[in-house]
Amino acid sequence: MRTMIFDIDKTLLTGSHCHFYSFKQAFRDLFDVEIEIDIGSIQGMTDREIIFRTARRYGLEIDDGVFSEIVDSISCHYLENLERDRITPLEGAGVVLGKLHEMNVPLGVVTGNIEPVAWLKLQQAGFSEYFSYGGFGNEGCRRSSIIRVALERLAARDGPVNPSETFIVGDTPRDIAGGREAGLRTIGVATGDFTCAELKSAGADHVLEGLHDVEGFFEIISAYGAGVSL
């Protein structure tokens, strides 16, 4: 097995309540505007897309320089409020990551979170040590584009990556669609706002109620000839 990629929020952990509070603070700092993030369903959307769509909704112009300032401001506010966020690992996530780590499987993250916030959440959950590369929500608006960023980083380090030997695990239809677009194997986990049936309808190759089904998870990946077992 070449590599495993995980989403973060509602796939590995819960409790990121201060994330969007930090968005509001950043817009207040830079534009003196009180915003509401009211742009339809944002589940699985990247922070970059959320920022640009929210800015358009309020008639604000953002270029790359201003975007970088927003990212810095969000990161600062999130760090200040991190202890209020009550980040909680989801059941089974630590067991799955630990087992994959013992097997020397390269582990990556692909998340809608901007990179500094992503690493802070993983650190709070005790998971940051498991991950060696990733693609982040400040690096693209499309989920598939940040998946490709992550795979390019892995390829630069370890050599060519075969997408068909790579799994991505996520809790939203956007996770599944992005993985399929990038040619990856997809595993949907119903630990967020979507059911197994909804994730299957979105095109997931496999679905689980959550990573607490450790046996089910490893049965899925072992079926691809990875030579793994519990």
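Me: How many bridges join S6 to S7?

Reply: Two strands pair if DSSP finds at least two bridges between them; helices (H or I, at least four residues) and strands (E, at least two) are DSSP runs, numbered from the N terminus. Here four bridges join S6 to S7, and the two strands run parallel. Isoleucine 168 stands opposite threonine 186 in S7. The model is predicted: local features need pLDDT of at least 70, side-chain atom pairs count only at pLDDT 80 or more, and totals for chains, interfaces and linings use all residues. Residues are numbered from 1 along each chain as its sequence is written, and side-chain values use heavy atoms, leaving out hydrogens and water.

Me: Through which helix does the chain cross from S6 to S7?

Reply: A crossover is right-handed if, with the strands pointing away from the viewer, the path from the first strand over the helix to the second runs clockwise. The chain passes from S6 through H7 to S7, and this β-α-β crossover is right-handed.

Me: Which residues of helix H7 are buried?

Reply: Buried means under 20% relative accessible area, with a 1.4 Å probe and protein chains only. In H7 (residues 173–181) the buried residues are Asp175, Ile176, Gly178 and Gly179. Down the axis of H7, they fall within an arc of 165° (taken from the directions from the helix axis to the C-beta atoms), so they line one face of the helix.

Me: Which strand does S7 join by three bridges?

Reply: Three bridges join S7 to strand S8 (residues 206–208), and these run parallel. Glycine 188 has valine 207 in S8 as its bridge partner.

How values were computed
Buried means under 20% relative accessible area, exposed over 50%, partly exposed in between (1.4 Å probe, protein chains only).
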